[in-house]
Each structure stands twice: as structure tokens, then as C-alpha cells.
Amino acid sequence: MPPSKDSSSIQAPTKKKRKVFKRRVKIKTRKRAQIAEKKKEKENVTPLVRKYWLQRYDLFSRYDEGIKMDEEGWFSVTPEEIAARQARWCAGAGVVIDAFAGVGGNAIQFAQMCHHVVAIDIDPKKVALASDNAKIYGVEDYIDFIVGDFFQLAPFLKGDVVFLSPPWGGPSYKAKESFTLDLLKPKDGHSLFQVAQAITPNIIMYLPRNVDLLQATALSWLSSPPLDVEIEENFVRGNSKGITIYFGDNIFP
Ligand code: MGP
Ligand code: SAH
């Protein structure tokens, strides 16, 4: 037989107690929401980049260790898994030039795979963020950070691979049915490729998933004989994120 309940020991909360309890829960919930909002503000999570913040661990697996971003960084950084794959392509290379380094998503991965990285960005704030982020991954000693315009610096640079992930014109890039190379910023893809080619034939371009592939791969014909080309669509959790095109001299075994 189940023990009988002693009704005198279990007392239903009074109406007043219930009210106080409800109010406390409300205050706690509001406080928690306020703290979350403040945290997002600190992390530069504007409404435009909220959806990228939700993907933060795909962007940097060590995000919680103190990764710092700005608004453009949020929507432009190469997700870590993709950056690592791009870096594996040049495993063991001497010097990799990351011409548009942003907050360091690619530079950090290159630094783990190659001897040295030259990471350039025109925005001093980006370079400061990238440098702090590189410290979190313990690779700051393998990267030279430069604040400058890649187009102006290019004639003075030497490297074995040039990585190009220029601005695509913001998240609205996908409104175009076909993303043509003239839409890349600050200069069209054709001019950009030619500048990189003066440094090395080994060039990696990270481009929008709606890029005009025919036009992009035709860049190989700017060299004689034409460069080898490898195209790769990059996914994270089954979602297409971008297209990487690898150009080079004899890249196929
Ligand atoms: P996205 O398409 O804006 O995001 O960017 P997502 O989450 O795929 O959005 P959805 O709504 O289309 O599903 C996808 C990836 O492209 C980002 O994670 C960046 O790596 C890259 N990317 C986006 N932009 C706008 C840029 C850019 O301007 N420059 C560079 N280099 N990469 C960018
Ligand atoms: N791959 C980077 C994201 C690059 S976003 C990452 O994973 O973090 C493109 C970057 O190009 C922006 O940070 C922007 O400041 C920079 N940029 C724009 N014009 C430039 C120029 N002329 N030279 C160098 N960097 C430039």
C-alpha cells in the first residue's frame, strides 16, 4: 500500500507567494536578456550579422577563448573548416601572402600549415583584430601583419602562394544570379589576378558560390601556357558557402 500523504506537511503556496515568485522569474529573465544583449553589443553583433554570430563556432572553433570581430569581419571571415582545407593545399609552402586578411580566418590556418604568412589588410582595425586572434591560436610568430593596400604593396612582395579573398560587396552579393568578376572590390577580379600573378603563378581565390565559373576559370589563360586550375565548392554542415579556385604551375601530379 502506498504511504498516505500527510496533508498537513504539504502546504500550497499562497497567492502572494506565487506572485512574488513570478515577479522574481520575470526580473531574472529580463536581466539575462539584458546581459546577452550587452555581450552581443560588445562582440559587434549588429542585426546585420546576427546570423553569422549564430555560426560563430563554425567560423572559429576557439571563439570562446576571446576571438574578436567587427561587423565586416563577421560576414566575411572564411569558416575555419574551409580555411583549413585551403591551407592544406599549400602545406609546406614557404611564404603565403594573404592579400585581404580581414580578422585572420585564413592567415591563422595558413600559419599552421606553411612556413610563413604575410597578412595584409587596408584597415588597421582588422589587422589589430587578426593579430589578437592569431595569438589565441598560438601562431602569431609565423605571421607578419601589414596595414596597407595590396595593390600598392604587391610590386614589393615575394611569396610562393597568393591567397585572394577580397570584399564581395557585402552579404547582398547573393542577389545576383551570376556574380561576375567586375563586382569584386576594390578592383575587378581580372586586375586583381594580374597583380597577384606578377608575384607567383600559385594563386588561390575564394569567391561567391554564385560566381560566373567560366569567367573565373578563364583567368588561367592570362598565363602562357595557361595555368592548371582546380575548382572546389565549399560546404559547412551541408550548406554551400563559397567556391575556391586553385591556380598554379603543374599543380596536378
Ligand atoms: P553568406 O552567404 O553571407 O552567409 O556568406 P550564409 O550563412 O551562407 O548565408 P545564407 O543566408 O546565404 O545561408 C557565406 C560565406 O561567404 C561567409 O561565411 C564568408 O566566408 C564568405 N563571404 C561572404 N561575404 C559577404 C564575403 C566577402 O565580402 N568577402 C569574402 N572574402 N568572403 C565573404
Ligand atoms: N579572409 C578574411 C576575410 C577577408 S574580407 C578572413 O578570413 O578573415 C576582405 C578584407 O579585405 C577586408 O577586411 C577589407 O578591409 C580588406 N581590403 C579591402 N581593400 C583592400 C586592399 N586594397 N588591400 C588590402 N586589404 C583590403
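## Two ligands and one pocket

The space taken by ligand 2 is the largest pocket. The model is a predicted one.

Student: Which space does ligand 1 take?
Tutor: Start from ligand 2, which takes the largest pocket. Ligand 1 has its place there too: the space it takes is the largest pocket.

Student: What is the volume of the largest pocket?
Tutor: Its lining has 41 residues, and Glu72, Phe75, Ser76, Val77 and Pro166 are the closest to its centre. The volume is about 790 Å³.

Student: Which helix gives the most to the lining of the largest pocket?
Tutor: Helix H2 (50-53), helix H4 (71-76), helix H6 (105-113) and helix H8 (150-153) each supply at least two residues. With 5 residues, the top contributor is H4.

Student: Which residue has a polar side-chain atom 2.8 Å from a nitrogen atom of ligand 2?
Tutor: Look at the residues that come nearest to ligand 2: Asn106, Asp121, Asp149, Phe150 and Ser165. Phenylalanine 150 uses a backbone N or O atom, 3.0 Å from a ligand 2 nitrogen. The side-chain contact at 2.8 Å belongs to serine 165.

Student: How many nonpolar residues are in the shell around ligand 2?
Tutor: H4, H6 and H8 each supply at least two residues of this shell. By class, 8 of its residues are polar and 5 are charged. The nonpolar count is 10.

Student: Which residue has a side-chain N or O atom 2.6 Å from an oxygen atom of ligand 1?
Tutor: Ligand 1 is surrounded by 19 residues, the closest being Lys51, Tyr52, Val77, Tyr173 and Arg209. Tyrosine 206 also places a polar side-chain atom by a ligand 1 oxygen, but at 3.2 Å. The 2.6 Å contact comes from lysine 51.

Student: How much of the accessible area of ligand 1 does the protein cover?
Tutor: Phenylalanine 75 has a backbone N or O atom 3.2 Å from a nitrogen of ligand 1. On its own, ligand 1 has 650 Å² of accessible area. The protein covers 88%.

Student: Which helices each supply at least two residues of the shell around ligand 1?
Tutor: That shell divides into 10 nonpolar, 5 polar and 4 charged residues. The helices are H2 and H4.

Student: What is omega for the peptide bond from lysine 185 to proline 186?
Tutor: Proline 186 lies in the loop between strand S4 (161-164) and helix H9 (189-197). The bond is cis, with omega near -5°.

Student: Which residue does a cis peptide bond join to serine 224?
Tutor: The loop to inspect runs between helix H10 (213-217) and strand S6 (228-236). Omega for the bond is about -5°. The partner of serine 224 is proline 225.

Student: What is the phi of arginine 237?
Tutor: Arginine 237 lies in the loop between S6 and strand S7 (239-248). The residue is not a glycine, yet its phi is positive, about 50°.

Technical notes: Residues numbered from 1 in each chain as written. Chains lettered and ligands numbered in written order. Predicted model: local features only at pLDDT ≥ 70, side-chain atom pairs only at ≥ 80, totals over all residues. Heavy atoms only, no water. 1 Å grid on protein atoms, 1.4 Å probe; cavity = no way out; pocket = protein on both sides within 12 Å on 5 of 7 lines; lining within 4 Å. Points joined across faces, edges and corners; volume = space filled by probe spheres on them. Helix = DSSP H or I, 4+ residues; strand = E, 2+ residues; numbered from the N terminus. Near = heavy atom within 4 Å. Polar contact = N/O pair within 3.5 Å; in protein donor to acceptor, adjacent residues only side chain to side chain. Sits in = over half its atoms within 2 Å of the grid points. Nonpolar A, V, L, I, M, F, W, Y, C, P; charged D, E, K, R; others polar. Areas by Shrake-Rupley, 256 points an atom, 1.4 Å probe, with all protein chains shown as cover.
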